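The exercises below are meant to be worked through with the sequence and the coordinates open side by side. Try each task before reading the solution that follows.

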Amino acid sequence: MKKLRRALTTLLVATLALGAAAGQQLSIRLVEASQQGGSSSPELADVTAILSRNLPFANFTLQGSRKISLPAEQAVVQIGGYSLTCNGSQQDLQLAIRRGGRVLVSTILRLTDGTPVIVGGFSSANGKQIFVLVAQ
Amino acid sequence: MKNIGQLVREAAREGGRRPLRPADDFWREFRRQAAALPQTGAAPVKTGVSRGKLWIGLAGPAVAIAATLVAVFWSGPRDLASHDAVQSYRIGEDVVHGGVMILNDEPSRATILWIADLADNA
């Protein structure tokens, strides 16, 4: 009985530790939204519905993706001509998006595991560009 | 000091000297005297709890229980995740834009920070 109790306690602690470790990665995807017809990128299957519901675009194309570890310490990500600087944990992530050497937007985000935060409105050849951020 | 036995015997002797009245005469006299005196209604009997206080006493706990159940089980607008996702933002100093919108997608709780009419010279 004592052994069983000890085993269950160990299992519980391990489960909690795994849970705490979740959300230690940040996925960053650069997406081009356009009015042109065609199907959206399959890599965006988890967010296509969200984008379609809220933005006036018909098509979403993945243009690049990166992953960084969290918490980040001034991590710089180059993607599609943009430079993203990430600093902090998923509960307090400072993000600065630059292009051509100037800051377009800086924000402080609180990310929830698996819940996308989308920052967009940047001009592109065919429409607008969007960053999809998901903590995993 | 007289004991109880002596008192009882004295009372019996007293009662013997005064003739007893017939019951009808006694009650007729009683009612006559009662009618002569101003009568007021019986004093209200207080049970210790007024109706108003009784209602409050019963309703109070019921309301408290109902409020607790609502607070526990109501899954109303608890989209804290989406509302709190964007803690702050700042558009670049020389960036011309038409405004900023923060959209919350209810089904997924996703948050969209959208910069409208951004003139970023792409």
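**Exercise 1.** What is the strand order of the open sheet of six strands, and which pairing does this sheet have?

*Solution.* Before starting, note that this is a predicted model, in which local features need pLDDT of at least 70 and side-chain atom pairs count only at pLDDT 80 or more, while totals for chains, interfaces and linings use all residues. Residues are numbered from 1 along each chain as its sequence is written, and chains are lettered from A and ligands numbered from 1 in the order in which they are written.

Step 1: strands are DSSP runs of E with at least two residues, helices are runs of H or I with at least four, and both are numbered from the N terminus; two strands pair if DSSP finds at least two bridges between them. Step 2: on these terms the order reads S2(A)-S1(A)-S8(A)-S7(A)-S3(B)-S2(B), and the pairing is mixed. Step 3: the edges are S2 (59-69) of chain A and S2 (99-105) of chain B, each of which pairs on one side only. Step 4: from one strand to the next the twist averages 20 degrees, where axes are lines fitted to C-alpha atoms (for helices over the stretch in contact) and angles between N-to-C directions run from 0 to 180 degrees.

**Exercise 2.** Find how the two chains are joined within this sheet, and then follow the chain B strands to their hairpin.

*Solution.* Step 1: S7(A) and S3(B) run parallel and are joined by four bridges, with Ile118(A) standing opposite Ile112(B). Step 2: S3(B) in turn pairs with S2(B) in the antiparallel sense over seven bridges, and here Ile102(B) has Leu113(B) as its bridge partner. Step 3: four residues lie between the strands of the hairpin of S2(B) and S3(B), where Arg109(B) takes a positive phi near 65 degrees. Step 4: five of the seven residues of S3(B) are buried, a residue being buried if 20 or more other C-beta atoms, placed from the backbone, lie within 10 Å of its own, exposed if there are 12 or fewer, and partly exposed in between.

**Exercise 3.** Which strands form the open sheet of five strands, and in what order?

*Solution.* Step 1: the order is S3(A)-S4(A)-S5(A)-S6(A)-S1(B), with antiparallel pairing. Step 2: the edge strands are S3 (72-79) of chain A and S1 of chain B, and neighbouring strands are turned by 15 degrees against each other on average, direction ignored. Step 3: seven bridges join S5(A) to S6(A), among them the one that makes Val105(A) the partner of Ile97(A). Step 4: S6(A) and S1 (residues 86-91) of chain B pair over five bridges, and Thr107(A) has Tyr89(B) as its bridge partner.

**Exercise 4.** Describe the side of chain A that touches chain B, and examine one residue of S6(A).

*Solution.* Step 1: the contact takes 25 residues from chain A and 26 residues from chain B, two residues being in contact if their C-beta atoms, placed from the backbone, lie within 7 Å. Step 2: on the chain A side, S6(A) supplies the largest share, eight residues. Step 3: Arg102(A) is placed in strand S6 of chain A and, leaving aside neighbours within four places in sequence, is in contact with Gly92(B) and Asp94(B). Step 4: Arg102(A) counts as exposed because it has 12 C-beta neighbours inside 10 Å.

**Exercise 5.** How many residues does the largest nonpolar core have, and which of them have the most contacts inside it?

*Solution.* Step 1: a nonpolar core is a set of buried Ala, Val, Leu, Ile, Met, Phe, Trp, Tyr and Cys residues joined through C-beta atoms within 7 Å. Step 2: the largest such core has 36 residues, and Val117(A), Ile118(A), Phe131(A), Val132(A) and Leu133(A) have the most contacts inside it. Step 3: S8(A) gives the most to this core, with six residues. Step 4: not counting residues up to four places away in sequence, Val132(A) touches Arg29(A), Val31(A), Val47(A), Pro116(A) and Ile118(A).
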